[in-house]
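Please look over the sequence and the model first, and then read on.

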Amino acid sequence: MILVPVGALLALASLVLGFSVRRDVPAVDRGLHLAAEDLGSGFTHSATVVSFVLSPGLATIALLSLVARAALARDPLVLRAAALLGACWSTVFARHFYQRVRPIDFPKWSYPSGHVTAVAAVAFTAVVLTAHLARRHLRAAVALAVAAVGATAASRVVLEMHWFTDTAGAILAVTGVGLLVAHALRLLPLGVGSRREQS
């Protein structure tokens with residue numbers, strides 16, 4: 001299955017990127033950080049709202065909801081989805097390994113972005129569930145997921161809380177680990193053979 005080696009490559013890419021930026025700040029990060037400093041208050045306010053709504057709190061709510069649903073309905077698909085979300089979200093702990101300093105003084109490490117990791121984990125899991133439960137809405141789910149992750153990543157750079165590569169690394173890690181774990185949990189190929197695929 002092509003998605004498995006793709007997942008491995010994405011996870012490896014996140015690892016390589018993390019090593020390459022843990023001590024040095026590349027030009028793209030410096031340039032986007034300087035551009036963020038010049039943005040007006042309107043952009044900053046919008047980014048603050050996005051960062052508040054699309055946050056690790058969203059992932060917490062999603063994970064608890066999936067666990068509760070799986071326990072109450074005894075639904076193995078939802079239980080596997082909860083495990084997938086947890087595995088994707090756990091990639092944020094790699095920040096303790098890289099120990100990259102943020103653009104501003106802040107007590108947590110920078111790479112990968114916690115906000116982007118959380119939202120990307122929810123988005124990835126939502127796409128997988130949509131593929132199994134309502135495949136006809138898969139394109140819309142993918143578009144919404146990409147928009148949510150993109151908006152979160154942009155907001156963290158605009159607020160100067162992260163370098164651009166922090167957000168890119170988070171997306172690579174979540175997608176890569178997500179594909180590998182989804183395969184291990186028999187959630188791939190997406191929707192094929194699902195009893196609810198045509199619902």
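A crossing of two helices is called left-handed if the near helix is turned anticlockwise from the far one by less than a right angle, and right-handed if clockwise. The model described here is a predicted one.

## Helices α1 and α9

Helix α1, which covers residues 3–21, packs against helix α9, residues 164–184, at an angle of about 150 degrees, and their axes are 7 Å apart. Because angles over 145 degrees count as roughly antiparallel, α1 is roughly antiparallel to α9. The crossing of α1 and α9 is left-handed.

Among the residues of α1 that take part in the contact are L3, V6, L10, L17 and V21, while those of α9 include A168, L172, L179 and H183. The residues of this contact between α1 and α9 comprise 15 nonpolar, seven polar and no charged ones.

## The aromatic cluster

The structure holds four aromatic pairs. In one of them, the ring centres of F19 and F97 are 5.5 Å apart with the planes at 90 degrees, so the pair is edge-to-face. Since F19 belongs to helix α1 and F97 to helix α6 (residues 95–98), this pair ties together parts that are 78 residues apart in sequence.

F97 also pairs with Y98, edge-to-face, with ring centres 5.4 Å apart and planes at 70 degrees. One aromatic cluster is formed by F19, F97, Y98 and Y111. Within it, F19 is partly exposed at 41% relative accessibility and F97 is partly exposed at 45%, whereas Y98, at 5%, counts as buried.

## R139 in helix α8

R139 is found in helix α8, residues 138–158, and counts as exposed at 78% relative accessibility. The C-alpha atoms of R139 and H183 are separated by 20 Å, the two residues being 44 residues apart along the chain.

How values were computed:
Residues are numbered from 1 along each chain as its sequence is written. This is a predicted model: local features need pLDDT of at least 70, side-chain atom pairs count only at pLDDT 80 or more; totals for chains, interfaces and linings use all residues. Side-chain values use heavy atoms; hydrogens and water are left out. Axes are lines fitted to C-alpha atoms, for helices over the stretch in contact, and angles run from 0 to 180 degrees between N-to-C directions. Helices (H or I, at least four residues) and strands (E, at least two) are DSSP runs, numbered from the N terminus. Angles under 35 degrees count as roughly parallel, over 145 as roughly antiparallel, 65 to 115 as roughly perpendicular and the rest as oblique. Contact means heavy atoms within 4.5 Å. Ala, Val, Leu, Ile, Met, Phe, Trp, Tyr, Cys and Pro count as nonpolar, Asp, Glu, Lys and Arg as charged, and the others, Gly among them, as polar. Buried means under 20% relative accessible area, exposed over 50%, partly exposed in between (1.4 Å probe, protein chains only). Rings of Phe, Tyr and Trp (its six-membered ring) pair if their centres lie within 6.5 Å; planes under 30 degrees apart count as stacked, over 60 as edge-to-face and the rest as tilted.
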